[in-house]
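Please read these notes with the structure open beside you.

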Amino acid sequence: MKVIERLELNIINEIKNSLVGSYLNKIECFNDFDYMFKFSYSKAPSILISLNVKNPFFALINKRFNFNTITPFYSRLKSKLLNACLIDASLVNNDNILKLDFLKTTDTYDKVHYSLVFEIFKSNSNLILLSDGKIEDAFRFKGLDTHHPILKSMIYEAPEKFANQKEESEKDLENEKNYINSIERIFLSNKYKNVKKELKRKQKSLIKKLVKIKNDHDEAVSKLQYKDYADYFLTIMHTIKRGDSSFDFYGKEIKINNLYSPSENLNQLYKTYKKAKLTIQSTDEYIEKTEDEIAYIESVSSTFDYLNDSDYQELIDELSNKKIIKFKNHSKQKNIKCAEKPYYIVFNNVRIGFGKNAKQNNNLTFSLAGKSDYFIHNKNAHGNHVIIFDSNPTDSVIEYAMELCVFLSNQIDSEVIYTQVKTLRKGKDIGLVKLSQYESYTIKKINYDFASIVKSANRF
């Protein structure tokens, strides 16, 4: 089916049957490209217009969103069209151009005819507001080509129709569906872009720091041999005099300070060795700490695709408490207990819990889980705890929980740990665990739609 056929046979007919005669009582803007129009008829679908460059589309949906953003174009649309009555829907020039006609009664009881024209052309989509046929406003004041100018107060004329109309494939419809399901994620991604930006900046800084620490560590390791130099120097010190600048160590020339006495040079050799030993001890600690912080940031960054607004707020609290990032003007959430509540889903009548942050992981594993329940975690990496609330789970439940664990780590395949909760001990930080025994399995494929499953998960 061609795009135009779908618009004419499905979209326009449904608008005329379910929306014409109703009033536009709400306009929502989710980001720079997506607009929702809700009407007064109960149970009637809402109109979603997406002006995204790759795949612009028009859809009638019953989905509800609990967020909104403000753009200049949104504000202007709202001021003109809100409370207007939808009187007709049609195609323009028998092309991929949908027109919605409205009648607005002003505060002074004047009648104004508005039209909302949606030009559905990939890379050149546009949403144009007409007042009595003249261009009042536009999403883009840029026509399809030089023969199709979009200028304020001009009479609107549709662009020349293309000879070949695009066929709409099943993949196109699937892309639309996936895009609609991702609108909230796009909104949250934009709302919390500074969190991502600061995490990326912090990670880059830590990686740079790690390289320097490892270089200091390697240099210190190379200086451990100064103990051998010092021990050997002690045996030949009677042959060394002030003014000597080196000595021979089994055919290797070792530099010393010609201004020092032999005993002072001996002390300097031992001092170099002791300093190297202390540097190794301190850098080992710093390397472990820095690698843990990098792994933690990588783990946090992998969760962004399935965080909701509350999760982001809890994450900001966690990052602040861990002193990973300092957020300006950030106040802690009032409901702190909510941050500790992990999520769960039910598969084959078995509850499977998972955390989205350190507090949730800790609470899930060490407060909610029983000793005979099973713990699943990505091997050798920070990540989400997954608990099977069953002391004798079936293979299908185990496999499902392991795939969930891999999905939550934002991976396609991975090695995971599987063990009973009674084998675990708390680590030094919240959310970390120590394992005394476990089995490991490799998951090579995810067979379930965890994106939608996780999104609809319940909290304990």
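**Notes on the model**

1. An open sheet of 5 strands is ordered E5-E6-E7-E8-E9, and its pairing is antiparallel. Strands here (E, at least two residues) and helices (H or I, at least four) are DSSP runs, numbered from the N terminus. Two strands pair if DSSP finds at least two bridges between them. Strand E5 (85–91) and strand E9 (134–138) are the edge strands, each pairing on one side only. On average, neighbouring strands of this sheet are turned by 25° against each other, direction ignored. For such angles, axes are lines fitted to C-alpha atoms, for helices over the stretch in contact, and angles run from 0 to 180 degrees between N-to-C directions.

2. This is a predicted model: local features need pLDDT of at least 70, side-chain atom pairs count only at pLDDT 80 or more, and totals for chains, interfaces and linings use all residues. Residues are numbered from 1 along each chain as its sequence is written, and side-chain values use heavy atoms, with hydrogens and water left out.

3. Strand E7 (residues 111–119) and E8 run antiparallel and are joined by 6 bridges. Glu119 stands opposite Asn126 in E8. Strands of a sheet pair through backbone hydrogen bonds, either parallel or antiparallel.

4. Ser131 lies in strand E8 (residues 126–131). Is Ser131 buried or exposed? Ser131 counts as buried because its relative accessible area is 16% (buried means under 20%, exposed over 50%, partly exposed in between, with a 1.4 Å probe and protein chains only). Leaving aside neighbours within four places in sequence, Ser131 is in contact (heavy atoms within 4.5 Å) with Val112, His113, Tyr114 and Glu136.

5. The largest nonpolar core has 37 residues, and those with the most contacts inside it include Phe102 and Leu116. Helix H1 (residues 3–18) gives the most to this core, with 5 residues. A nonpolar core is a set of buried Ala, Val, Leu, Ile, Met, Phe, Trp, Tyr and Cys residues joined through side-chain atoms within 4.5 Å. Leaving aside neighbours within four places in sequence, the contacts of Phe102 include Val112, His113 and Tyr114. A second, separate core of 32 residues includes Ile183 and Leu210.

6. How many disulfides does the structure hold? The count is 0, a disulfide being a pair of cysteine sulfur atoms within 2.5 Å. Cys29 is buried, at 0% relative accessible area.

7. Glu157 is in the loop between E9 and helix H3 (170–191). Glu157 counts as exposed because its relative accessibility is 59%.
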